[in-house]
Amino acid sequence: MRTKKMAILVMVMVVVTVVAQTQVSEAGLLDIFRGDDGEEVERLILATTTSTENSGLLEQLIPAFEEKYSYRVDVVAVGTGRALQHGRDGDADVLMVHAKPAELRFVENGYGVNRKEIMYNDFVILGPKNDPANIKGTTDALEAFRTIAEEEATFISRGDNSGTNKKELGIWEEAGIDPSGEWYQETGQGMGSSITIADQKDAYILSDRGTYIAFRDKIDLEIVSEGDEVFYNLYGVIAVNSDKHPDVNFEGAQAFIDYLVSEKAQKIIRDYKMDGERLFNPLKL
Amino acid sequence: MDYILEGLSAALRLLFNLNPEIREIALLSIMVSTSSTLIASLLGIPLGFVVAHYDFQGKGIIITILNTLLSLPTVVVGLLVFSFISNQGPLGNLELLYTPLGIIMGQTILALPIVVTLSLNVIKESEDKIIDTALSLGASKKQAMILLFKEVRFGILGAVITAYGRVIGEVGLSMMVGGNIRRVTRTLTTAIAMETSKGEFGFGLALGIILMTIALAINLVLHYFQEVRT
Amino acid sequence: MEKQIILTVQNIVKYYDNQKVLNAIDLEVRAGTVLALMGPNGSGKTTLIKILSSLEEADKGEVYYQGELINKENSLNFRRQIGFIWQKTLLYNASVYNNVALGLQFRNYSEDKIKDKVDSTLDRLGIVDLKERNAKSLSGGQQQKVSIARTLVTDPQIIFIDEPNTSLDLESIELVEKIIKEESQAGVPIVLITHNFYQAKNLGDEIIFMKEGEKVTHETPAEFFEQREELLRYV
C-alpha cells in the first residue's frame with residue numbers, strides 16, 4: 001500500500017520534470033539541460049560587467065543582433081577582473097568590459113584580438129546629503145578624494161577588482177594616497193550592493209552613472225562630484241583569440257564586434273534612456 | 001516595510017499574470033533541482049546503506065568527510081565544479097559550463113552528502129534491531145533487508161526532502177556554474193540575486209515569495225507521502 | 001523417563017573486540033522444559049541465546065538441533081523452527097494483522113493459511129479487535145501481546161524469551177508466564193532469561209547461573225535456592 005505511494009511519488013517527480021520542460025520550450029530535455037533551445041543557432045558567450053547588464057542596455061542591443069545572425073548571445077555578468085579571466089581561460093567568446101589598461105594588456109599578451117572602443121559613460125562620487133567632507137560641487141576628482149581622506153569621512157570601496165574598483169584605486173594612486181584606516185571600507189560586492197551599503201552608512205562611494213540612476217529613488221545619497229576627465233569610463237569589446245582557444249566561437253565574436261560598432265547598434269546605444277536620462281554615449285557615430 | 005508590501009503585491013501580480021519569463025525561470029528551477037535531487041537520491045541512498053551496513057577500513061574517515069561536506073558553502077562547490085568544467089578544466093571539452101546540466105552536476109554534489117549522511121543515520125539507528133527481530137521471525141537475509149528498507153523509507157524520504165530544500169534554495173553554485181544567463185540558466189535564486197543587485201528589491205522579494213510557494217507546495221506533496229497513518 | 005534432547009551446544013566461545021564474552025559453554029535443552037538463565041548484567045546471557053537461536057555465530061563450538069549440526073546452509077531452516085520474544089518489542093510500521101503475519105510470509109505460507117493462523121492466534125491472545133490498528137500506535141501492553149502473537153503464530157519448536165519483566169506491566173507479565181506454562185506443557189522447550197528469582201523458581205525446570213561468560217551452576221530450582229543463596233546477591 002505505502003510502497004505504492006512511494007512509486008507514485010517517484011513518478012510524480014519525473015512527470016513534474018518532464019511537464020516542466022515541455023512548458024519551457026519545444027526542445028528536448030537534454031537539449032535544455034545542455035543549454036540549447038533546440039533551434040539551429042550557435043551559442044555566443046558574452047562575458048561582461050554587472051553594471052552593463054544591470055543597466056538593461058544589452059536587452060535592447062542583443063535582439064537585433066540575434067535577428068540578423070544565427071547566434072544566441074548568452075550574457076554572463078561578472079566583474080571586469082573575472083570577465084578577463086574568462087577570456088584567458090577560453091570560457092567566453094567575447095568580452096565587453098571597462099578597464100582600458102587591463103584590456104590593452106590582455107590584447108598584448110595575445111589573449112584577445114580586434115579590440116574596439118564602443119561607448120563611454122562616466123563615474124560620479126556619491127555622498128550623504130549633509131556632506132561631512134564638504135566636497136559638494138568639486139569637479140576635481142583628485143581634490144575630492146584627498147579631502148575625503150583628510151577628513152577620514154567614511155568611504156565605501158567595491159574592493160572586488162571590478163572596472164569601477166580599478167578606476168577608484170587609480171584615482172587614489174594619482175592623488176598620492178594609500179587609502180587605509182577605519183574610514184576606508186571594502187565590501188567585495190557588486191555596484192548595487194555597495195551603493196546600498198554606502199547609503200546605510202552615510203558614506204562616500206564611486207559609482208558609474210548608470211547604476212546610480214537605477215538606484216537613486218531608493219537611496220539618500222546624491223552626486224557630490226562629477227565631470228572630471230578622470231571619471232571618463234570607456235567600454236571596450238574584445239574577441240577571445242582563437243589561436244589560444246580553438247574552441248571559442250571566433251566568427252560569432254567578430255560578427256558581434258562588427259555589429260556593436262555599426263550605425264544601428266550605435267544608435268540604439270545613443271537612444272537608450274533610463275528615467276529619461278541617457279546612460280551611454282556612442283563613440284562611432 | 002515598503003519593500004515587503006511592494007514584494008507581496010508584485011508576487012501576486014506575477015503569479016496571476018503568469019509572466020512567461022517568470023514561469024520559465026520558475027520551471028527551470030524546479031527541473032534542475034528535481035533532477036539533481038533524483039540523481040543524488042539514486043546514488044546516495046544505496047551509498048548510505050552500504051556505509052551503514054558494511055564494516056570496512058576507512059569507514060570512519062568516509063563518515064567524517066561526508067559530515068564535513070555538509071557544511072561546505074555552495075560557492076566552494078561551485079568553484080570546484082567550475083574549475084572542472086571550465087575550458088581549462090579536465091572536463092572542459094564536455095561544454096557543461098553555463099548550462100543547466102552544469103548546475104545539475106553541482107547541485108548533485110551538494111545534495112549527495114545530505115542524502116548519504118541522513119539516510120546512513122536513519123539506517124544505522126534502527127538496523128540492528130530491525131534485522132535481528134526479522135531474523136528471529138524466520139526471515140532470510142534478503143527478506144530482512146527488504147523489511148529494513150520498508151521500515152526506514154520514511155526517514156530516507158526526510159533526507160531527500162532536506163536535500164531538495166538545500167538545492168532549490170542555493171544561489172552561489174547556480175550563479176557560478178550557470179552564469180545567470182537569461183532564458184538559459186537563470187533560476188529563481190540567481191534572478192533574486194540579480195534583481196537585488198539592480199536595486200529592484202520589491203521584484204526580488206516577489207521572486208522570493210514565488211520560490212517559497214514552490215518549496216511549500218513540494219514539501220506538502222512530500223509530507224503527504226511521508227505521513228504515517230495511525 | 002528422560003525427556004528428549006532438542007538442542008545441544010558444546011564448548012561455545014565468543015569474543016567481542018578481542019574480549020571473551022562466552023567461555024566454553026555446554027548445555028542441553030530438553031522437550032517441555034523451561035531453562036531459566038540467570039546472572040548479572042554482562043554475564044553473557046543475551047549473547048548465549050542469540051547464538052543458541054542462530055542470530056549470531058559463535059567463534060568456537062557447535063550447536064545441534066535434534067542431533068543435526070547447525071551450519072550456514074541449514075541455519076535459515078533452523079531459525080524457522082524457533083520463536084523469540086525480545087526484551088524490547090519492535091513492531092513494524094504496519095497493521096497488527098500484517099505484523100503477526102510477517103513470520104508466515106517469510107515462510108511463504110499461502111494467503112488463506114496465513115489468515116487462518118493469524119486470526120486464531122489473535123483470538124488466543126484476545127486482541128482480535130486490534131487487528132486493523134497500526135501496531136506502532138498501540139500501548140505498551142498491547143504491543144507486547146502483538147509481539148507474542150507474532151512469535152506463537154509460527155508454531156515454534158523452541159521459544160527464547162529475553163527478560164520479559166523489563167518495562168512491562170503486571171498484566172503483561174502474567175500473560176507471558178501463562179504462555180510459558182501452556183507452551184512447555186505442550187512439549188515446547190523454553191529458554192528464559194530472567195532477573196526475577198521467583199519467576200525462575202516458579203517456572204523453571206532447570207536454572208543456569210552465569211557469571212563473566214561462564215556457566216557457574218546448572219541445577220534444579222530446589223537445589224539452586226537451597227545451596228546458592230549467596231549467588232542471588234548478584235542478581
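Among contacts in chain A between residues at least 6 apart in sequence, what share join residues at least 24 apart? That share is 72%, with a contact taken as heavy atoms within 4.5 Å. This is a predicted model, so local features need pLDDT of at least 70 and side-chain atom pairs count only at pLDDT 80 or more, while totals for chains, interfaces and linings use all residues. Residues are numbered from 1 along each chain as its sequence is written, chains are lettered from A and ligands numbered from 1 in the order in which they are written, and side-chain values use heavy atoms, with hydrogens and water left out.

Chain A holds twelve helices and twelve strands (DSSP runs numbered from the N terminus: H or I of at least four residues for helices, E of at least two for strands). Its C-alpha trace spans about 70 × 55 × 35 Å along the principal axes. Of its 285 residues, 52% count as buried, meaning under 20% relative accessible area with a 1.4 Å probe and protein chains only. Carbon and sulfur atoms account for 46% of the chain's accessible surface of about 12,500 Å² (Shrake-Rupley method, 1.4 Å probe).

Over on chain B, Tyr3(B), Ile4(B), Leu5(B), Leu8(B) and Leu205(B) make a nonpolar surface patch of about 430 Å². Such a patch joins nonpolar side chains (Val, Leu, Ile, Met, Phe, Trp, Tyr) within 5 Å, from residues with over 30% relative accessible area and no salt bridge (a side-chain nitrogen of Lys or Arg within 4 Å of a carboxyl oxygen of Asp or Glu). Helix H1 (residues 2–17) of chain B gives the most, with four residues. Leu8(B) is found in that helix and is partly exposed, at 43% relative accessible area (partly exposed lies between buried, under 20%, and exposed, over 50%).

Notes:
Patches are made of residues with over 30% relative accessible area and no salt bridge: like charges are joined within 9 Å, nonpolar side chains (Val, Leu, Ile, Met, Phe, Trp, Tyr) within 5 Å.
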